[in-house]
Amino acid sequence: MADVFASIPFTIIATGALVGVAASLLGTFLVLRRSSLTTDAIGHAIVLGIVLVWLATGATSGPVQLLGAAAAGVATVLLADALTRTKSVRTDAAIGLVFPALFSIGVVLLNVFARSVHIDAHTVLLGEIGFIWLDTVSIAGLQVPDALLWIFVVTILNLVFVTVFFKELELSTFDPALATAFGLAPAALGVGLLVLTSVTAVASFDAVGVVLFVAFAIVPPSAAYLISDRLSHILGISSAIAVASSVSGYGLAVAMDVSIGGMMAVMTGVFLTLAFLLSPRYGLVAQELRRRADLVLGENRALAVHLCQHEDDPNAGEENVLTALQTHLRWEDNKARKVVARCVDGGWILRDGSRLVLTDMGRAAAIEILQPSK
Amino acid sequence: MSEAKIHEPNLAIHVEDLTVNYGSHPALWDVDLDVPPGVMAAIVGPNGAGKSTLLKAILGLVTPTAGHVYILGRPFGEQRRRVGYVPQRTSVDWDFPTRVLDVVTMGLYGELGWLRRPGRAERERALAALEQVGMVDYQDRQIAQLSGGQQQRTFLARALVQDADVLFLDEPMAGVDATSEAAILSVMRDLRAEGKTLLVVHHDLQTVRTTFDWMALLNVRLIAQGSVEEVYTRENLQEAYGGNVALLAATPQEDRPLGT
Amino acid sequence: MLALLTDYTVQTVILGALLLGLTSGALGSFAVLRQQSLLGDALSHAALPGIALGFLVAGSRSLPALLAGALITAVAAALTITLLLRRSRLKSDAAIGISLSLYFAVGVVLLSYVQGSAGAGQAGLESFLFGQAAAMLRSDLVVMSVLALASLALLLALWKEFEVTSFDPVFAASIGLPVVLLDAVMTAMIALAVVLGLQMVGVVLMSAMIVAPAVAARQWTDRLDSMTILAALLAALSGVVGALISATARGLSTGPLIVLALTVITLVSLAFAPKRGWIASSLARRRARRNLHEHQVLDILQGLALRHDDAAYLSEEGMVDSALGVRARTTLQQLERQGLVERDSHRPEEGPHWRLTAEGREAQGNALHSGGKA
């Protein structure tokens, strides 16, 4: 077993995968609640928490750090919330005010007190896996197992939280009013979500830094959201994407000799792009196909309606003829022929010499438009 | 296509074959609308009938799947200067730092063109428009401090200042206090007296007969259009609204005149 | 202090900070009003890959190349956000967060690649993370001022179009303005403002330069033009203050100091601005409540006097308390100071009694003049 941990690739990939899973489990709910950017705010603000805890206790990792950072993360969101409630500032602006301020205080404190320690703002921002100015071999020292241990713990924590409170989280995300009515305390759940997000952010900063943490928290769930409608599936798919990104990211990063954490995050983007394009339900390709189908349907309907409206006309012989379509519906010859052929194939119309006649099915389709049922 | 395409110059608004699809669901289908000049026209229909969509499609705010719009004989695109629009109140950020006078002056931005700034002449015109809607005393008021009816009157003034011949209004009197309702109606009547044409999406079927002289019944398709006497029949209403028309006041005695 | 101002570097820094402040304050006003506060955050993080690309293409740290690269990737990020919003069901917070983190991740990867291959120049690139004013060159200033003045000139030229498009895009479209194009230009200008500020404030904190000045300025004025000018000035002021402190104290990053100065200014504005400020509005609320109570107490005394048919009726304070619903003592004292009521303590064991004075009766309108007969 110890051999496995001595394997650098394994520890790195495992850390990355766990960061991804831990972050995306919570991120799913944040995305669905439209609070994705809280991860950004929390991620930056915990720097202050980390620095304050370090100044107070000298610890640079471990449970005290986790708690201190959690407090900072929650404080950020509460401050932004309070600011919004004064009505002087909108929600998005409030976030954009609070976290830079807290982050700045953190960095200034670092500049003043912590010049030499391993917590420098740079590391916090970019993380150590991504900190490629260091020889990656040194990561196989004590730090990765340490970070790996803590991110593992946090992942379990998040997994437990999401599983135990699944129903409550689901309801309060989709229908907060109803959740309150049921006494499910969506506010308390929200705070719980925040606390865990902050804790996860701290546990991740060692590995990937705060901004990449944001990527892991938001991107896999967004990709999953484009694929599925079911919450449990979204959670599963985003975790799978997180793991896949971690593995592929590591491989590519090593091959190209670039930042591993960065590459892992970039891979989440690749998966998002794939989902964006190819999702069978919501992807761009599917949308385009639907659009074409709608266009075709619209043309067929136009033909059916035209025929229906002129059916009982004494001039029907002139109206319901291919050439008349060109003048009335302003269709070119080719287009008119194509639509007619489609409708014939689809069983909406029949040819009677040069006349076009509606079938019962065609007439039903036309009537749907002419007399929309309420 | 540079030569003048004059088509139906005797109609204020001439719409042909207007069709708008949202996905596979038609919001408007094959709408032909002919509004004569100098009338106060109402578009009525049940919820979701496409009334606002009709207005937006005419104004080019929504892309139609098919159809053409002519204003006073020319394609809509060439007639923007002669057209005014009073949208629903909901689309605006009311905390925007701007005063009533500023909002009305914005109505002239299209006319001013690029690079020109609004000057004294524009200010005078804006004040005149505010005078017309009875809001001159509020010219320096922040829009956030206005009531719903006052906001609506400000929007009306913004359309007035453009001196348009054809005005489109989307539910101008919905959710508005009695004073503002009376003021808005009075302005509308003045405009009609000046020979302008108004096309109004109206929210309240009950008050159509006492307010408008021309109407169109819309439910995705155009059910009927013409003078209010011609169109406001049980048969037409039934076709447009479906269901129980007895709930609708169809007899003159039960109508309450608007603005009184 | 004066010696400082003659220092070459300090002069450069101050001028740079001025330019940064003016553009970010002015354009930030529009961003905030259009509810795109966090767009600045996304744009600044997305600038990172552009900076790395610029360096790679130019082969050295040439500011025009870096800025050009930054602008290109920032604009690309903005386009990505629009694409995600228009063609998928992702919401704006997710779109911004995705763009922000993924472009930044690409930046991290590129930065690591540069580190691996280029050698000496990359130290200069890192200064873009938090800003290092002292690294600015006079030649940089020339480039910056040209760009800054150009964008401010464009803002002025298209002022009314931007105003109406931001306030009421539907109406703007109806009068024939090319709203989509104007939005694109505005976004590009915000991107330019962000890019100009990166050297001084850094990638992480640039969003504060966009948001905070606008929020602060909004508290002082209700007009768009004065708000924009004030925002520009406040931002410039913070820039200069922060830059000066950073220049004097070695080892302190410029960005956080500027942001802290800005935060102080913003908090002061939020709290102390007349009318909109927290203190002013809380005082106004208190005054309104006091007026209400005063009216209510006068009504109560009048009512009691009428009931007892005695204009000089003395009401026991306890009765007034219960009628008002809260303790009336302060209100009664205020009214006494105004000469509208008077007290009578001739029966000390029963506590003070109060009645309306002649002025008080007059203020209430004449129901009691005739000595009680209504």
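What follows is a quick briefing on confidence, chain contacts, helix packing and domains.

Keep in mind that this is a predicted model. Its overall scores are an ipTM of 0.87 and a pTM of 0.86. Chain A meets chain C through 53 residues of its own and 50 residues from chain C, while the contact between chains A and B takes eight residues from chain A and 13 from chain B.

**How confident is the prediction?**

- Chain A has an average pLDDT of 82, and 86% of its residues score at least 70.
- A stretch to treat with care in chain A is residues 129–144, where the pLDDT is below 50. Even so, the model gives this stretch 32 contacts beyond near neighbours in sequence.
- For chain B the average pLDDT is 87, with 91% of the residues at 70 or above.
- Chain C comes out with a mean pLDDT of 87, and 94% of its residues reach 70 or more.
- Within chain C, the element with the lowest mean pLDDT is helix α1 (residues 2–6), at 66, and the one with the highest is helix α8 (residues 159–167), at 95.
- Residues 368–374 of chain C stay under 50 in pLDDT, and the model shows twelve contacts for them beyond four places in sequence.

**Where chain A touches chain C**

- On the chain A side, the elements giving two or more residues are α3 (37–57), α5 (91–113), α6 (121–126), α10 (186–227), α12 (260–278) and α13 (284–310).
- The top contributor there is α5(A), which gives 13 residues.
- Sorted by class, this side of chain A has 32 nonpolar, 16 polar and five charged residues.

**Where chain A touches chain B**

- Here α13 and α17 (360–370) of chain A each supply at least two residues.
- The largest share of this side of chain A comes from α13(A), with four residues.
- By class, the side of chain A that touches chain B splits into five nonpolar, one polar and two charged residues.

**Helices α4 and α10 of chain A**

- Helix α4 (residues 63–85) of chain A and α10(A) have axes that come within 8 Å and cross at roughly 130°. That angle is why α4(A) counts as oblique to α10(A).
- The crossing of α4(A) and α10(A) is right-handed.
- On the α4(A) side, the residues in this contact include A:Gln65, A:Leu66, A:Ala69, A:Gly73 and A:Val77. Among their partners in α10(A) are A:Val191, A:Leu194, A:Thr197, A:Ser198 and A:Ala203.
- Taken by class, the contact of α4(A) with α10(A) has 13 nonpolar and four polar residues, and no charged ones.

**Helices α13 and α17 of chain A**

- How do the axes of α13(A) and α17(A) cross? They come within 8 Å and cross at roughly 90°, so α13(A) is roughly perpendicular to α17(A).
- From α13(A), the contact uses A:Arg301, A:Ala304, A:Val305 and A:Cys308. From α17(A) come A:Gly362, A:Arg363, A:Ala365, A:Ala366, A:Ile369 and A:Leu370.
- The class count for α13(A) with α17(A) is seven nonpolar, one polar and two charged residues.

**Domains of chain C**

- Chain C is divided into domain 1 (2–273) and domain 2 (280–368).
- The C-alpha centres of domain 1 and domain 2 of chain C lie 58 Å apart.

Technical notes:
Residues are numbered from 1 along each chain as its sequence is written. Chains are lettered from A and ligands numbered from 1 in the order in which they are written. This is a predicted model: local features need pLDDT of at least 70, side-chain atom pairs count only at pLDDT 80 or more; totals for chains, interfaces and linings use all residues. Two residues are in contact if their C-beta atoms, placed from the backbone, lie within 7 Å. Ala, Val, Leu, Ile, Met, Phe, Trp, Tyr, Cys and Pro count as nonpolar, Asp, Glu, Lys and Arg as charged, and the others, Gly among them, as polar. pLDDT is the predictor's confidence in each residue, from 0 to 100. Axes are lines fitted to C-alpha atoms, for helices over the stretch in contact, and angles run from 0 to 180 degrees between N-to-C directions. Angles under 35 degrees count as roughly parallel, over 145 as roughly antiparallel, 65 to 115 as roughly perpendicular and the rest as oblique. A crossing is left-handed if the near helix is turned anticlockwise from the far one by less than a right angle, and right-handed if clockwise. Domain bounds come from an automatic or database domain assignment.
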